[in-house]
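Try each task before you read its solution.

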Amino acid sequence: MDKIGDFILTLLHSVTNTHILHWQAPTLSEHLALGEFYDKLSDLVDTLTESMMGKYQTILQFPTTYHGPSATGLEELTTLGAYFAEGRKDLPQDSEIQNLCDEIAALIDQTSYKLKFLK
């Protein structure tokens with residue numbers, strides 16, 4: 001379960017990092033896209049974490065390290081997307097858990113689109 005704690009914490013860091021990048025966004029479109037992203041991701045990560053802990057009747061343990069934001073919102077989302085695609089393989093493969101992962105992946109993809117093309 002250590003890998004799962006690392007994975008969840010990385011997602012939570014992305015909430016914080018995109019919130020910081022939201023405040024530093026050079027355009028209104030980036031500001032709005034990142035604001036929507038961190039708000040939705042926070043709820044999805046909470047649901048994913050509580051679902052796994054309920055399913056497996058365990059409390060996850062989390063590391064204490066923090067990795068700050070990337071230089072731009074698009075870079076943050078690109079890095080997160082690659083990490084997420086690889087890391088979700090280590091999560092339980094139950095359909096309800098993977099469905100929540102699909103929602104997170106779709107949010108990452110949608111926000112990446114907004115950051116890249118809706119300037």
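**Exercise 1.** Does Lys55 count as buried, exposed or partly exposed?

*Solution.* Begin with the ground rules. This is a predicted model, in which local features need pLDDT of at least 70, side-chain atom pairs count only at pLDDT 80 or more, and totals for chains, interfaces and linings use all residues. Residues are numbered from 1 along each chain as its sequence is written, and side-chain values use heavy atoms, with hydrogens and water left out.

Next, take the classes: buried is under 20% relative accessible area, exposed is over 50%, and partly exposed is in between (1.4 Å probe, protein chains only). Lys55 has 42% relative accessibility, so Lys55 is partly exposed.

**Exercise 2.** Find the salt-bridge partner of Lys55 and say which helices the pair ties together.

*Solution.* Apply the criterion: a side-chain nitrogen of Lys or Arg within 4 Å of a carboxyl oxygen of Asp or Glu. Lys55 pairs with Glu96, with 3.2 Å between the closest N and O atoms. Now place both residues: Lys55 is in helix 2 and Glu96 in helix 4, so the bridge links parts 41 residues apart in sequence. Helices here are DSSP runs (H or I, at least four residues), numbered from the N terminus. Glu96 is partly exposed at 35%.

**Exercise 3.** How many salt bridges does the structure hold, and which residue pairs with Asp90?

*Solution.* The count is seven. Asp90 bridges to Lys3, with the closest N and O atoms 4.0 Å apart. Asp90 sits in the loop between helix 3 (73-87) and helix 4 (95-117), while Lys3 belongs to helix 1, so parts 87 residues apart in sequence are tied together. Checking accessibility, Asp90 is partly exposed at 44%, whereas Lys3 is exposed at 57%.

Another pair is Glu86 with Lys89 at 3.3 Å, N to O; both residues are exposed. Bridges that share partners also join Glu36, Lys40 and Lys114 into one network.

**Exercise 4.** Is Ser14 buried or exposed, and which residues beyond its sequence neighbours does Ser14 contact?

*Solution.* Start with location: Ser14 is in helix 1 (residues 2-24). Its relative accessibility is 2%, so Ser14 is buried. Then list contacts (heavy atoms within 4.5 Å). Setting aside neighbours within four places in sequence, Ser14 touches Phe37, Leu41, Glu76 and Leu80.

Notes. Helix = DSSP H or I, 4+ residues; strand = E, 2+ residues; numbered from the N terminus.
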